[in-house]
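Please open the structure in your viewer and keep the selection panel at hand. Each stop below tells you what to select and then what is there.

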Amino acid sequence: MQRKDSDFSRRGVLKGGVALAAQSGALRAQSKSASPGRKFRGWISRGAGSGRTTLQELTLRPITGRQVVVRTEATNLCYSNSSDVLGLPQPGFGPLPPGAPPRPLPPAAAELAQMALIQGHGGVGVVEAVGPEVRRVQPGDRVCVSGTPQCGSCYQCLRGRADMCQFLGRQGPSDLVPIADMRDGTPVYANSHIGGLAELMVTFEEWVVPVFTKASAADLGMVCSCVAVAGLGCTASQVLAYVQTGSTVAVVGCGPLGLSAIQGARISGASRIIGIDPIRARREVAMKVGATHVLDPNVEGDKLVEKVRELSNGPNNRLWAGGRDSGGLLGGAGADFVVEAVGADRAKPKLEAGPDPTGILPLQQAYLMCAPGGDIVTTSLPSGNLTLPAVIFTIGGRTHHAGQYGGANPMRDIPRFVELLDRGQFDAKSLATTVVPIEGMLGAYQQVIDRTTVTALMTA
Ligand SMILES: [Zn+2]
Ligand SMILES: [Zn+2]
């Protein structure tokens, strides 16, 4: 029967609006329970040491409320999750005295280490079922399960800083809910409410972003990974700072995050893009995806900052003609926009090691190579404390942005980044240099920690 205009009564509109009424109808239609009792495979991490992660058969629990079940297509094997998967020592803050025992885990981390946890903090897949309160996605939708949630209603989301969404801080042992059981009845939890290293992810509405694309699982998994979203976030989301057309961008660290930042800088119209990394193979990928210059910090040594300033200079230093130079108390010229993406080594790399395994030296250099008036976005997990020349810090004109997720606004930016993939503007294949089925996850993670691959993805 055709709906008549008079069916939309004024009272009905006032009570909630036509759109909302239509949506609640859709809501009822999609209030479908998952298939509790369904078997699936997942990598369970528990205990200490290198054997802590094993592939297990699990039984799905029923879902409710705002929960979403996603059939995993691909998950990025993020370097920052490697300690938890491979049982490596957690990077501490500051060097340990020689001979000192490893630091004990903080209480929450120690409790998490004893729980049966599916690691992984992101992925892509297809929604299989949603709880009765879910509005954002429907069964059959392809989604990015975002490493950073976006609730849209907390203090941070409302002031435009979804990268700081307060749901991000609700991932401790008492926040997690059991999503499945092991054969012996042990309850299974999803790391970060995501747990990407499994055939199914059970997450919450706040973590899913619908993406409408026919891209392959590996390409979509790459562009939707935490590292690619963070890298593109820095230079293409324009939340924290703008990359200006024709400007000079320096990217310190050409892992998957830095290489995504380089692509974002290219897409945003930067003219000179300087990629800095000790690994030759990564410098080659940097040139392929958009860098105009690359530098090896081991070769440049303590001249690295000076070299970036030279590369950032204009054709001359005629100050009445728009020129600039490298002199002066505050450091003179430099890159207009710097992305720092190095961080601490979790294990000794098998390829070329950088000059400082704590990641502090590259962080100092990144700050100093930024031009007065420029912006620096930092993204990494270094180990230790940072010392900077105080005068440059106080009045040197650099604006520092501590860019969780590169400042990206997940619901707005992830579909945009997928569009960049679909239109051939973002090169996913050059970054996803290892793609393995679920059984190959541990071997692929070892390549990530050895840095013998740019990044690795597990498909399920
Ligand atoms: Zn990550
Ligand atoms: Zn929020």
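The tour goes from a metal site to helix pairs, then to a helix and a loop residue.

This is a predicted model, in which local features need pLDDT of at least 70 and side-chain atom pairs count only at pLDDT 80 or more, while totals for chains, interfaces and linings use all residues. Residues are numbered from 1 along each chain as its sequence is written, chains are lettered from A and ligands numbered from 1 in the order in which they are written, and side-chain values use heavy atoms, with hydrogens and water left out.

**The zinc ion**

Select the zinc ion (ligand 1), which is coordinated by Cys78 (SG), His121 (NE2) and Cys226 (SG) at 2.1 to 2.3 Å. Donors are N, O and S atoms within 2.8 Å of the metal (3.2 Å for Na, K and Ca), and since water is not among the atoms, sites may look incomplete. Cysteine 78 lies in the loop between strand 3 (67–76) and helix 3 (82–86) and histidine 121 in the loop between strand 4 (116–118) and strand 5 (123–130), so the pair ties together parts that are 43 residues apart in sequence. Helices (H or I, at least four residues) and strands (E, at least two) are DSSP runs, numbered from the N terminus. Cysteine 78 and histidine 121 are both buried, where buried means under 20% relative accessible area, exposed over 50% and partly exposed in between (1.4 Å probe, protein chains only).

**Two helix pairs**

Next, select helix 8 (residues 256–267) and helix 9 (residues 280–289), whose axes come within 9 Å and cross at roughly 20 degrees. Axes are lines fitted to C-alpha atoms, for helices over the stretch in contact, and angles run from 0 to 180 degrees between N-to-C directions. Helix 8 and helix 9 are therefore roughly parallel to each other; angles under 35 degrees count as roughly parallel, over 145 as roughly antiparallel, 65 to 115 as roughly perpendicular and the rest as oblique.

Now select helix 7 (residues 226–237) with helix 14 (residues 410–422), which pack at an angle of about 95 degrees with their axes 11 Å apart. That makes helix 7 roughly perpendicular to helix 14.

**An enclosed helix and a loop residue**

Select helix 12 (residues 360–369), where 8 of the 10 residues are buried, so the helix is largely enclosed by the rest of the structure. Among its buried residues are Ile360, Tyr367 and Met369.

Finally, select leucine 168, in the loop between helix 5 (155–158) and strand 7 (180–182), which is partly exposed, with a relative accessible area of 25%.
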